[in-house]
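Me: I would like to go through this model with you and ask, for each label, what it rests on.

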Amino acid sequence: DGPVPSAEPQQTASSSEMSDTLCDREYRCVFNSCSVGMAIATMGGSFIDCNLAFTELSSYTKQELKAMTIFNVTSREDLQGAFDMM
């Protein structure tokens with residue numbers, strides 16, 4: 001009287017999880033290969049991630065940027081323009 005075998009095969013990951021993983025890989029590929037400088041920051045302005053083009057544009061390494069905020073690398077005029085659009 002052991003366990004009854006399941007008629008359906010066991011899956012290690014749901015199709016939703018596999019889709020999320022694929023989307024994440026696709027996003028990461030586009031983000032990293034884009035020739036336009038892009039960065040992701042928190043609402044408080046702390047850098048979370050950036051691509052190679054952004055490090056070249058800013059002249060900072062990714063590690064240096066993660067210790068900074070967008071306020072450290074954006075001119076006062078540009079910041080004012082961004083705040084005016086909010």
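Me: Which helices each supply at least two residues of the lining of the largest pocket?

Reply: They are helix H4 (70–73) and helix H5 (76–85), where helices are DSSP runs of H or I with at least four residues, strands are runs of E with at least two, and both are numbered from the N terminus. H5 gives the most to this lining, with 4 residues. The model is a predicted one, in which local features need pLDDT of at least 70 and side-chain atom pairs count only at pLDDT 80 or more, while totals for chains, interfaces and linings use all residues. Residues are numbered from 1 along each chain as its sequence is written, and side-chain values use heavy atoms, with hydrogens and water left out.

Me: What makes a residue part of the lining of a pocket?

Reply: A lining residue has an atom within 4 Å of a point of the pocket, which is an open set of points on a 1 Å grid over the protein atoms alone, where a 1.4 Å probe fits and protein lies on both sides within 12 Å along at least five of seven lines. Among the residues that line the largest pocket are Thr42, Gly45, Phe71, Asp78 and Met86. The volume of this pocket is about 260 Å³, a volume being the space filled by probe spheres set on the points, which are joined across faces, edges and corners.

Me: Why is serine 59 called exposed?

Reply: Its relative accessibility is 61%, and exposed means over 50% relative accessible area, against under 20% for buried and partly exposed in between, with a 1.4 Å probe and protein chains only; serine 59 therefore counts as exposed. The residue lies in the loop between helix H2 (52–58) and helix H3 (62–66).

Me: What is the phi of serine 59?

Reply: The phi of serine 59 is near 65°, a positive value in a residue other than glycine. Most residues other than glycine have a negative phi.

Me: What share of the 86 residues in the protein is buried?

Reply: Buried residues make up 15% of them.
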